[in-house]
Amino acid sequence: MNYKEFNNNIKNNAVNPVYLFTGPEQYIGHMMEKTLIDMEISRGLEALNLTIYSDKNLDVSELLATCETLPMMSKKRMIVIRKEAQFDKITGKHDLERLTFYFENPCPSTLLIIYWEQPDKRKKIYKTIAKNCTVVVFEKLDAGEIQAWLTKRINNAGKKISRSVMGLFVQRSMYLVNEKKTMEMVDHELNSLIDYIGDREEITKEDILLILPQSIEDGIFKMIDYAMTGDKGQALLMLNQLYQEGESPFGVFSLLLRQIRMLLMVKIYTKKGLPPKSVASEMKVAPFIVNKILKNGKNYPIDNLWDLMIIGADLDAQMKLGEIDQNLALELFLMKIE
């Protein structure tokens, strides 16, 4: 079950006794957990009906006893096993047998939530949960979902934002192109933005540019552009600026190769006659990213990009083997961009 399906079930009051929360967006899981607490536990009685396990060495006997305890003056008793409790580390045969029995026969007055971000689907305990309980996978949101999420957040804060400014915020957040970027980070940036505008109602483009400054990816594109137009000195100045902002040579090199690879893929797909929207679908990225790459890389020949990928792969191997200094390798690579 994905986030949308789970959210719809909650809205329809279709709540199951055991949930396994998996996937990279555990932050969204925490928000769904809060929604369930508000739904299932009478206000003011959380201390009597909510148990959270977050310590290592989870005591299975204590957990099962709590699961079988009836709620007090509330619809449900809720139990949450955080990832810190290391549910996945339970290995005792007797404990696993008792857990299996519970998952096959859960207490109807108890709502149990287990956080297991990357479950081992080969394990018997996972298979038991998947068969008898509900697995909710919190994947990263797509372009439509993140905009819907942000729109709701902004409306709740009593603010307004135009579609174009919303697109700029999503773009500057880098959520759709950076696998490590989570909705928790995006929410933090949005809260900073809302705090910044204060009593003002409308969020403007200038607000976004100030609160979410240019990303390293934009800097990488400019560095490539300087190098390809022959301005090596400016490219090296940009490289030093990235170092001053805390980026490591290897990190910059990895992003540099990634951008060149994406440029090459976009060029290949568009040469085949695919429109930007279809290219985005093939590459599994947002359409605005393809449009941005097309705009920034329109003067980059495909043959040059192929050559750079080969040179980059060779330098990457030398760096990882310690055969060349990282700073020197990166500077050499910039010199070969033309």
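Some ground rules before we set off. Residues are numbered from 1 along each chain as its sequence is written, and side-chain values use heavy atoms, leaving out hydrogens and water. Since this is a predicted model, local features need pLDDT of at least 70 and side-chain atom pairs count only at pLDDT 80 or more, while totals for chains, interfaces and linings use all residues.

Let's start with the overall picture. The C-alpha trace of the chain spans about 75 × 50 × 40 Å along its principal axes. The chain has 17 helices and seven strands; these are DSSP runs numbered from the N terminus, with helices being H or I of at least four residues and strands E of at least two. Of the 338 residues, 43% count as buried, where buried means under 20% relative accessible area, exposed over 50% and partly exposed in between, with a 1.4 Å probe and protein chains only. Take the contacts in the chain with a separation of 6 or more: residues 24 or more positions apart account for 75% of them. Contact here means heavy atoms within 4.5 Å.

Now for the inside. The largest nonpolar core has 41 residues, and Ile220, Met223, Leu256, Ile260 and Phe333 touch the most other members. (A nonpolar core is a set of buried Ala, Val, Leu, Ile, Met, Phe, Trp, Tyr and Cys residues joined through side-chain atoms within 4.5 Å.) Two or more residues come from each of helix 11 (216-228), helix 12 (232-244), helix 13, helix 14, helix 15 (287-296), helix 16 (302-320) and helix 17 (326-336). Helix 13 gives the most, with ten residues. Zoom in on Met223 and, not counting residues up to four places away in sequence, you find it touching Ala235, Met238, Leu239, Leu242, Val252, Leu256 and Leu334. Apart from this core lies another, of 38 residues, among them Leu36, Val80, Trp149 and Val186.

Back to helix 13 (residues 249-271), which packs with helix 14 (residues 276-283) at an angle of about 130°, their axes 10 Å apart. Axes are lines fitted to C-alpha atoms, for helices over the stretch in contact, and angles run from 0 to 180 degrees between N-to-C directions. That angle makes helix 13 oblique to helix 14: under 35 degrees counts as roughly parallel, over 145 as roughly antiparallel, 65 to 115 as roughly perpendicular and the rest as oblique. Met262, Met265, Val266, Tyr269 and Thr270 of helix 13 meet Val279, Glu282 and Met283 of helix 14.

Helix 16 and helix 17 also have axes 10 Å apart, but their angle is about 170°, and they are therefore roughly antiparallel to each other. On the helix 16 side, the contact is made by Leu308, Ile311, Gly312, Leu315 and Met319, and on the helix 17 side by Gln326, Ala329, Phe333 and Lys336.

Arg261 lies in helix 13 and is partly exposed, with a relative accessible area of 38%. Arg261 and Leu308 are 47 residues apart in sequence, yet 9.1 Å apart in space, C-alpha to C-alpha. Glu145, in helix 7 (residues 143-156), is buried, with a relative accessible area of 18%. Leaving aside neighbours within four places in sequence, Glu145 is in contact with Lys4 and Lys140.
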